[in-house]
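Welcome! Please take a look at the structure shown here, and then read the short briefing below.

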Amino acid sequence: MNNLRVSENPVADLASQLEIAAREAIKARGNFSLVLSGGSTPRALYELLATPDWKSRFEWEKCDIFFGDERAVAPDDALSNFKMASDALLSRVAARVHRMEGERIDLESAARDYETKLRALGSPLDLILLGLGDDGHTASLFPYSPQLNEVEGWVTATPVAPMEPRVRRLTLSFPAINAARKVWFLASGAGKAERVAEVLDGPRDVQSLPSQGVAPRNGELVWFLDEEAARDISR
Ligand code: 6PG
């Protein structure tokens, strides 16, 4: 069951829910494992969390930050999801940051090492943030890509992406995403409306709409949307 949270400001709404989720995880298990998404939409969220008012609401020293995907670029490259999140938030808080090493020549080895790190947690990831690509992808799980058929591995290296930036990627797989306790999508703007409606209301076809493959086995799935992005869905 998809939970929809439609609001004027989905970034502020998600931040409020994130504060609750972090507090609950730390109370229950002593830490909070959070997977950040890339792209442009979440930048506003990360910048909000870095403001003095919001930053003080989290016990960052008890947070482990991971990434849902990364481009095959250096960590200081403007295309890096790590750089975007670091500039907006991570360089300003005392969280433990575990970046995907997209700069490595042997991306398959980088994927294996990241998977080892995730499995060493010994517990499901608490919360994974995801975005929705214009083609229906999420993380770097692109339509009709071999990564969609991964059933065991948690992290894979992709071929050159079929959309900008056209570089190889590292990405979490569906088995990794769907093992999480919570998975939250954040999408905003009229440009997302048609795809949001296809993913949520349309016929199921994970190959053409990979975001439909996100279905946490024992966890919750929530979509944080603004009115524009939610315009075409049946509510
Ligand atoms: C990436 C992201 C990707 C993103 C979507 C939406 O590396 O690009 O992980 O999955 O979430 O493409 O991107 P926007 O937020 O820029 O629309």
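The model is predicted, so local features need pLDDT of at least 70 and side-chain atom pairs count only at pLDDT 80 or more, while totals for chains, interfaces and linings use all residues. Residues are numbered from 1 along each chain as its sequence is written, and side-chain values use heavy atoms, leaving out hydrogens and water. Helices (H or I, at least four residues) and strands (E, at least two) are DSSP runs, numbered from the N terminus.

**The sheet**
- Strands of a sheet pair through backbone hydrogen bonds, either parallel or antiparallel.
- Here 3 strands make an open sheet in the order β4-β8-β7, with antiparallel pairing; two strands pair if DSSP finds at least two bridges between them.
- The edge strands, β4 (69-71) and β7 (155-157), each pair on one side only.
- Between β7 and β8 (residues 169-172) there are 3 bridges, and Thr156 has Thr171 in β8 as its bridge partner.
- Helix α5 (residues 107-120) packs on the sheet and touches β7 and β8.

**A helix with cover**
- Helix α4 (residues 81-88) is largely enclosed by the rest of the structure, because 6 of its 8 residues are buried (buried means under 20% relative accessible area, exposed over 50%, partly exposed in between, with a 1.4 Å probe and protein chains only).
- Among the buried residues of α4 are Phe82, Met84 and Ala85.
- Their cover includes β2 (32-36), α2 (43-49) and β3 (63-67).

**A buried residue**
- Asp13 sits in helix α1 (residues 10-29) and is buried, with a relative accessible area of 14%.
- Leaving aside neighbours within four places in sequence, Asp13 is in contact (heavy atoms within 4.5 Å) with Arg5, Ser7 and Phe224.

- On a 1 Å grid over the protein atoms alone, a cavity is a set of points where a 1.4 Å probe fits but cannot get out, and a pocket is an open set with protein on both sides within 12 Å along at least five of seven lines; lining residues have an atom within 4 Å of a point.
- The largest pocket has a volume of about 370 Å³; of its 23 lining residues, the closest to its centre are Gly38, Gly39, Leu132, Gly133 and His137.
- The largest cavity has a volume of about 40 Å³, and its lining includes Leu14, Pro42 and Trp184.
- Strand β9 (182-187) supplies the largest share of that cavity's lining, 3 residues.

How values were computed. Axes are lines fitted to C-alpha atoms, for helices over the stretch in contact, and angles run from 0 to 180 degrees between N-to-C directions. Grid points are joined across faces, edges and corners, and a volume is the space filled by probe spheres set on the points.
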